[in-house]
Amino acid sequence: MMGDYESRGAFRSSSFYLRSKRAKILFDMELKYFQSRVVYQIYPRSFCDSNGDGIGDIPGIISKLDYLHQLGVGIIWLSPVYATENHDFGYDVTDYKAINPEYGTMEDMDNLIAEAMKRGIRIVMDLVVNHTSDKHQWFLESKKPESKYHNYYYWRKGRKNNTRPPNNWTSNFGGPAWKFDKDVGEWYLHLFAEGQPDLDWHNPEVMEEVEDILRFWLNRGVYGFRCDVINEIWKETLDDGKHQPFGFLVGKEHYLSKNGNHEILRRLYDDVFSKYDCMTVGECGYVNYESANRFTDHELDMVFSFDHMYLDRRFAPVFKKKYDPAKMKQVLVGWQKNLDWNTLFFENHDQIRSLGRYTSLKYKDLGAKMLATVLMTLRGTPFIYQGEEFGMVDYPMFTPDQYVDIVDKYVYKTAKKLIRIEKVARRLVHNMNRDNARIPVQWNSSVSAGFSSSKSTWLPVHPNYKECNAAKADADPKSILNYYRAIIKMRNADPILIAGSFKEIAAPKQILAFERAFNGESEKVFINLSEKEVELGFNLASYGQKILLSNYEDASLTEKATLRPYEAIILK
Ligand code: TEU
Ligand code: CA
């Protein structure tokens, strides 16, 4: 078995694209590795537990590499595996060069990189450098005003005789963005949790430290970084922020996507990224086309923009707007037209699951396959989040004692204070719950869904695991999983879907329709984003003779002028 994978892995990463003439052209275009591959995001705590402590770990990930290879992914993005205090499960790093002992050792990590490589899969790490943990050595040292580390963070005297925070900014996670430290007699800035003090990127030593961390991992064979909240790292001033609805992100105009932010990333690119065969993708909340274009011009390779995630909850967590498929189309098409190379994703570890959010669960399988088709046919790099590939859905409803995530707990507490109605508070948390996507991956129908040999897991297993799990999906040729496998396989070998240009095709507002063209050939994609049957106003046959793939098995082109609920068709 292994030998087989080994050679296939090598085959994939070198001569794979030289097999046909068309493919040779692709190769000549010097597409980067990440442009022709699908990324799979792993949240290590919830992926697979190898030693029965109820917590996912690196050996667990290694044990699933064959599964990922079979799925057809070429890159894994690992949510943080660094040493952490677990205030925010790895997004509060205590040591950037050490592995969280709950997840394994540095040797395990090296093993993971090597074993993945054998299967033609590269590993991308999370880079969390807007902030560290409050237990990071730098922060502990920074509490001494005479230490050089004092200037690694934003330590300031407060207003009103030091009794009030230095400015009115609010934390992304709610409440003031400053915390007073009695021993120091000063306040420190935290755009996220109190246990996540912000690094001061005005200090050139911070840049040097981060460059050193980047080289450390790149030299170990890591393929790149997903850069956490990377468009917030540069605070241009510490002036008061404008009033914002519900006090949400007060101060953002002083730190979102500022000029200095670009200068920093350009510097990291020049000094480090440009020297390696690597990929970088930046998490950029509230980013617009113009900044996104700048972020991807010799700074980062790609950005995650979130416009499609804001469609149903603009002012999270306060409102839940009704989801409108026509708006989804507008957002997706807008980004396709305005940015050359997009990230394509519907899920991650911060979001509720896409099924039931962007599709009706009444059509679970069709909806999931429809979303898969969007991900794999638009121009850009597709990202799948663990479990998405076989249709995992949100936990039914957590009880407050089950909340583990710091944001969920905060929202619940605040909602209780403001609204006082238990049911409403729980519903609010449910609408934006981050624990949802972090429940254990459902591998099979055994104890704890095969995630762990232990009955008790760090977050509960979804009660639907006997119906919805990877093993069952594997065995069913019509499953969501097997659709993912088929469409990824198709994309991996199709220069048009990988490198082709994007052109919108005029169609009704719920129908995402476009042409991908490459080297004189084209494919056309028609996707009904809605659960209603839609009249197209034209015959599909006028756009192509052959159906390459559809989520409806009986799809045909004869007199085809409507798309059924969530129907997706790739035509040639
Ligand atoms: O998230 C940034 C962020 O602010 C949002 O994704 C937020 O978590 C969500 O909208 C809450 O409603 C990144 C990481 O992805 C997240 O897991 C971390 O908690 C956060 O940064 C801090 O590092
Ligand atoms: Ca474990």
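**Around ligand 1 and beyond**

Modeller: Let's start with Asp88, where a polar side-chain atom lies 2.4 Å from an oxygen atom of ligand 1. That is a polar contact, meaning a pair of N or O atoms within 3.5 Å. Asp350 has a polar side-chain atom 2.5 Å from a ligand 1 oxygen, and for Arg226 the corresponding distance to an oxygen of ligand 1 is 3.0 Å. On its own, ligand 1 has 490 Å² of accessible area, and the protein covers 87% of it (areas follow the Shrake-Rupley method with a 1.4 Å probe).

Before we go on, please keep in mind that this is a predicted model, in which local features need pLDDT of at least 70, side-chain atom pairs count only at pLDDT 80 or more, and totals for chains, interfaces and linings use all residues. Residues are numbered from 1 along each chain as written, chains are lettered from A and ligands numbered from 1 in the order written, and side-chain values use heavy atoms, without hydrogens or water.

Arg226 leads us to strand 9, residues 224–227. Strands here are DSSP runs of E with at least two residues, and helices are H or I runs of at least four, numbered from the N terminus. Strand 9 is covered on both faces: Gly224 and Arg226 are buried on one side, Phe225 and Cys227 on the other. Buried means under 20% relative accessible area, exposed means over 50%, and partly exposed is in between.

Strand 9 also has partners, and two strands pair if DSSP finds at least two bridges between them. With strand 5 (residues 122–127), strand 9 pairs in the parallel sense over 4 bridges, and Met125 has Phe225 as its bridge partner. Strand 10 (residues 279–283) is likewise joined to strand 9 in the parallel sense over 4 bridges, with Gly224 opposite Met279. Strands in a sheet can be parallel or antiparallel, and they pair through backbone hydrogen bonds.

For the antiparallel kind, look at an open sheet of 3 strands in the order 6-8-7. Strand 6 (155–156) and strand 7 (178–181) are its edges, each pairing on one side only. In the loop between helix 7 (137–142) and strand 6 sits Tyr154, which is buried because its relative accessibility is 2%.

Let's end at the calcium ion, ligand 2. Its protein donors are Asp49 (OD), Asn51 (OD1), Asp53 (OD), Ile55 (O) and Asp57 (OD), lying 2.3 Å from it. Donors are N, O and S atoms within 2.8 Å of a metal, or 3.2 Å for Na, K and Ca, and sites may look incomplete because water is not among the atoms. Along the chain, the donors follow the spacing D-x1-N-x1-D-x1-I-x1-D. One of them, Asp53, has a relative accessible area of 38%, so Asp53 counts as partly exposed.

Notes. Polar contact = N/O pair within 3.5 Å; in protein donor to acceptor, adjacent residues only side chain to side chain. Buried < 20%, exposed > 50% of the residue type's maximum accessible area, 1.4 Å probe, protein only.
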